[in-house]
Amino acid sequence: MLDETIITETPPLSSCYGPKGQQVRVPITGNRAKRVVHGALNIHTGALLLLITDIWDQTTHQYFLTMIRAHWRGWRIVLFEDRGSPHTAEESVALATQLHLELRFLPVATPALNAMDHLWRHMKTWGLSNRASTSIDRAAQAACQYLLDLSPRERLQKAGVLSGTFWLTR
């Protein structure tokens, strides 16, 4: 499974404690900095490959494809990904073919089918939310480190692969 997510400088606020009857103050810097985290999850082993970039375009996607091939050298790789324009671009599809990566595009608007989407949601809820960051780069590194600190089995669990109803195991 392959997907990308955006990390912003202002973390999501999912919950917080405060004195009863008083408004809780949430620090907002006003900065709009962001980083894109690219991720590929091996749904058999739980291995994870991550890349942080400033933007998401054909060039960064194609670089990530070469990283995937180098990381899982000699493997027969079938990548399931959404239909984002960098994924479906002619040059990206051609490079995937050249790298012997089989691409399978998920139906439009079906994030529930992509295990990486579930892993991103978990990371944003438990790894990033309610934590102010000093810089966007530290926030992106913290997001990646949170996922890397999970065991392979935990990654598969959080991604929904071990649920018994995961669509690829039926």
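Reader: In which helix is the place of Glu91?

Author: Glu91 sits in helix H3. Keep in mind that this is a predicted model.

Reader: What makes Glu91 partly exposed?

Author: Its relative accessible area is 48%. The 48% of Glu91 falls in between, so Glu91 is partly exposed.

Reader: Which residues is Glu91 in contact with, leaving aside neighbours within four places in sequence?

Author: Glu91 is in contact with Gln58 and Gln62. As for Thr5, the C-alpha atoms of Glu91 and Thr5 are separated by 22 Å. These two residues are 86 places apart along the chain.

Reader: Gln62 is in helix H1. Is Gln62 buried or exposed, and how do you know?

Author: Its relative accessible area is 18%. Buried means under 20%. Gln62 is therefore buried. Not counting residues up to four places away in sequence, Gln62 touches Glu91, Ser92 and Leu95.

Reader: Why are H1 and H3 called roughly parallel?

Author: Look at the angle. The axes of H1 (residues 58-71) and H3 (residues 90-98) cross at roughly 10°. Angles under 35 degrees count as roughly parallel. H1 and H3 are therefore roughly parallel to each other. Their axes also come within 10 Å.

Reader: Which residues meet where H1 and H3 touch?

Author: From H1 come Gln58, His61, Gln62, Leu65 and Thr66. From H3 come Glu91, Ser92, Leu95 and Ala96. By class, this contact has three nonpolar, five polar and one charged residues.

Reader: What makes H4 and H5 roughly perpendicular?

Author: Again, the angle. The axes of H4 and H5 cross at roughly 115° and come within 10 Å. Roughly perpendicular runs from 65 to 115 degrees. H4 and H5 are therefore roughly perpendicular to each other. Their crossing is right-handed.

Reader: Which residues of H4 and H5 meet?

Author: H4 brings Leu119, Trp120, His122, Met123, Trp126, Gly127 and Leu128. H5 brings Ala139, Ala143, Tyr146 and Leu147.

Reader: Which residues touch the most other members of the largest nonpolar core?

Author: They are Ile7, Leu41 and Leu147. This core has 25 residues. The elements that give two or more residues to it are strand S2 (34-41), strand S3 (48-53), helix H4 (115-128) and helix H5 (136-149). H4 gives the most, with six residues.

Reader: What does Leu41 touch, not counting residues up to four places away in sequence?

Author: Leu41 touches Met1, Gly46, Ala47, Leu48, Ala115, Met116, Leu119, Arg155, Leu156 and Ala159.

Reader: Which residues are included in the second, separate core?

Author: Among them are Ala40, Leu65, Leu101 and Leu103. That core has 16 residues.

Reader: Lys34 is found in strand S2. Why does Lys34 count as partly exposed?

Author: Its relative accessibility is 40%. That value is not under 20%, so Lys34 is not buried. It is not over 50% either, so Lys34 is not exposed. Lys34 therefore counts as partly exposed.

Reader: What does Lys34 touch, not counting residues up to four places away in sequence?

Author: Lys34 touches Ile6, Ile7, Thr8, Asp54 and Ile136. Lys34 and Leu50 are 16 residues apart in sequence. In space they are 16 Å apart, C-alpha to C-alpha.

Definitions and conventions: Residues are numbered from 1 along each chain as its sequence is written. This is a predicted model: local features need pLDDT of at least 70, side-chain atom pairs count only at pLDDT 80 or more; totals for chains, interfaces and linings use all residues. Side-chain values use heavy atoms; hydrogens and water are left out. A nonpolar core is a set of buried Ala, Val, Leu, Ile, Met, Phe, Trp, Tyr and Cys residues joined through side-chain atoms within 4.5 Å. Buried means under 20% relative accessible area, exposed over 50%, partly exposed in between (1.4 Å probe, protein chains only). Helices (H or I, at least four residues) and strands (E, at least two) are DSSP runs, numbered from the N terminus. Contact means heavy atoms within 4.5 Å. Axes are lines fitted to C-alpha atoms, for helices over the stretch in contact, and angles run from 0 to 180 degrees between N-to-C directions. Angles under 35 degrees count as roughly parallel, over 145 as roughly antiparallel, 65 to 115 as roughly perpendicular and the rest as oblique. A crossing is left-handed if the near helix is turned anticlockwise from the far one by less than a right angle, and right-handed if clockwise. Ala, Val, Leu, Ile, Met, Phe, Trp, Tyr, Cys and Pro count as nonpolar, Asp, Glu, Lys and Arg as charged, and the others, Gly among them, as polar.
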